[in-house]
Amino acid sequence: MPAKTLELTLVNGSPENCGIQYGEAFGTNILKFYNQEVQSYENKYKSYTAQCWLYIQDAAPHSADFIVGISRSSKITTDRLVLLLLHEELFQISQQGHYHCTAFAAQSDSGLKNDVLVGQSWDWPKTAYRWPGLLKVNSTAYARTLTYHYPGLWAALGINEYGLALMWTDGFNAPILPKLGLPTYLLIAEILQKKTVAEAIEYLKRIKNAGSFIFLMGDAAGDYCVIEATPDKILTRRSRKPLSRANNFLLHPTNLKFIENSDYKNSLKRQRLMRELLLEQPLTQERCMQVLTQPPIIYGTEPGGMSIDCFLAVCKDRTLLACRGGKTPGPWQKITV
């Protein structure tokens with residue numbers, strides 16, 4: 001049985017050397033996770049993967065170096081590593097309508113204007129429970145980061161040394177197919193090289209994103225926002241009240257056709273309940289931790305699904321709190337970048 005806390009791994013040096021260390025530590029698990037999650041797509045999406053790899057090398061050179069480092073030490077080809085990074089996009093192609101994850105960004109009621117909290121439940125199939133951990137990357141080329149990772153997906157969410165934090169969910173309003181661009185999991189790593197929410201938004205406007213997603217971000221200066229993105233359009237909202245999302249777009253035009261087999265009502269219920277709970281009492285770190293670990297915010301209604309882990313980022317402190325999921329959640333861990 002996996003431990004009730006997440007193991008923390010540290011890598012240092014240039015992006016390529018960080019990738020080498022990551023591949024040395026997780027190479028065997030990367031291949032196993034690859035075989036479990038995306039191996040069946042290898043032949044069908046070989047051309048798409050190759051095109052994305054060319055774009056990654058051009059638009060995200062530090063991440064490309066990290067991938068090359070993983071490949072050197074693990075002996076897993078860059079094509080396979082990129083296909084794994086396209087995990088979210090492949091999921092959207094094959095299983096649109098399966099809902100999971102609920103997230104928020106909000107101003108704390110501590111009295112400090114810059115006290116922003118960003119959190120989420122990470123809800124996936126039970127087969128994912130044994131894989132994740134926490135990763136500190138002390139790179140010589142960009143900001144120090146603390147991320148939640150799965151083997152080969154080294155930045156699934158996180159916070160950096162500047163206090164920029166990112167949590168996210170899927171957006172399943174419509175059957176939007178991915179396009180040539182940066183995979184969502186790699187895009188998260190790139191955004192966590194920025195200093196502020198404003199910088200992150202400007203960056204997203206300049207690059208191509210391969211898939212659809214909903215990002216909730218906050219920074220140490222007190223700014224926070226929600227970003228709803230498809231490969232064709234990015235919409236942003238800032239607010240001084242809590243922002244919450246489950247798995248449905250709220251900013252995009254209503255003429256987007258909802259997927260017939262999606263549980264849209266459940267998604268809206270979780271999104272609204274998250275916001276109501278955050279408004280119900282003074283918003284503190286402790287209150288957020290309570291909200292994140294109570295039904296129906298935590299996910300377990302679909303057969304085979306569960307809340308794998310829950311997270312709370314405290315932007316001004318550059319701190320990430322993590323709690324393992326399951327029927328008996330583990331203790332909260334507190335790690336500073």
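Two strands count as paired if DSSP finds at least two bridges between them. With that in hand, here are some close-ups of this predicted model.

**View 1. Six strands line up in an open, antiparallel sheet.** Reading across the sheet, the order is E11-E2-E3-E12-E13-E14. Its edges are E11 (243–245) and E14 (332–336), each of which pairs on one side only. On average, neighbouring strands here are turned by 15° against each other, direction ignored.

**View 2. Strand E2 meets strand E11.** E2 (residues 102–107) pairs with E11 in the antiparallel sense, over three bridges. Look for Ala103, whose bridge partner in E11 is Arg245. Helix H8 (residues 264–280) packs on the sheet and touches both E2 and E11, its direction making about 30° with that of E2.

**View 3. A second open sheet has eight strands and mixed pairing.** The order is E1-E4-E5-E6-E7-E8-E9-E10. E1 (8–13) and E10 (234–238) each have a single partner strand, so one side of each is left without a neighbour in the sheet. Neighbouring strands are turned by 30° against each other on average, direction ignored.

**View 4. Strands E5 and E6 pair, with helices across them.** E5 (residues 145–150) and E6 (residues 153–160) are antiparallel partners over five bridges, and Tyr150 stands opposite Leu153 in E6. Helix H1 (residues 15–37) lies across E1, E4 (133–139), E5 and E6, at about 145° to E1. Helix H6 (residues 184–191) lies across E6, E7 (165–169) and E8 (213–218), at about 30° to E6.

Definitions and conventions: Residues are numbered from 1 along each chain as its sequence is written. This is a predicted model: local features need pLDDT of at least 70, side-chain atom pairs count only at pLDDT 80 or more; totals for chains, interfaces and linings use all residues. Side-chain values use heavy atoms; hydrogens and water are left out. Helices (H or I, at least four residues) and strands (E, at least two) are DSSP runs, numbered from the N terminus. Axes are lines fitted to C-alpha atoms, for helices over the stretch in contact, and angles run from 0 to 180 degrees between N-to-C directions. Contact means heavy atoms within 4.5 Å.
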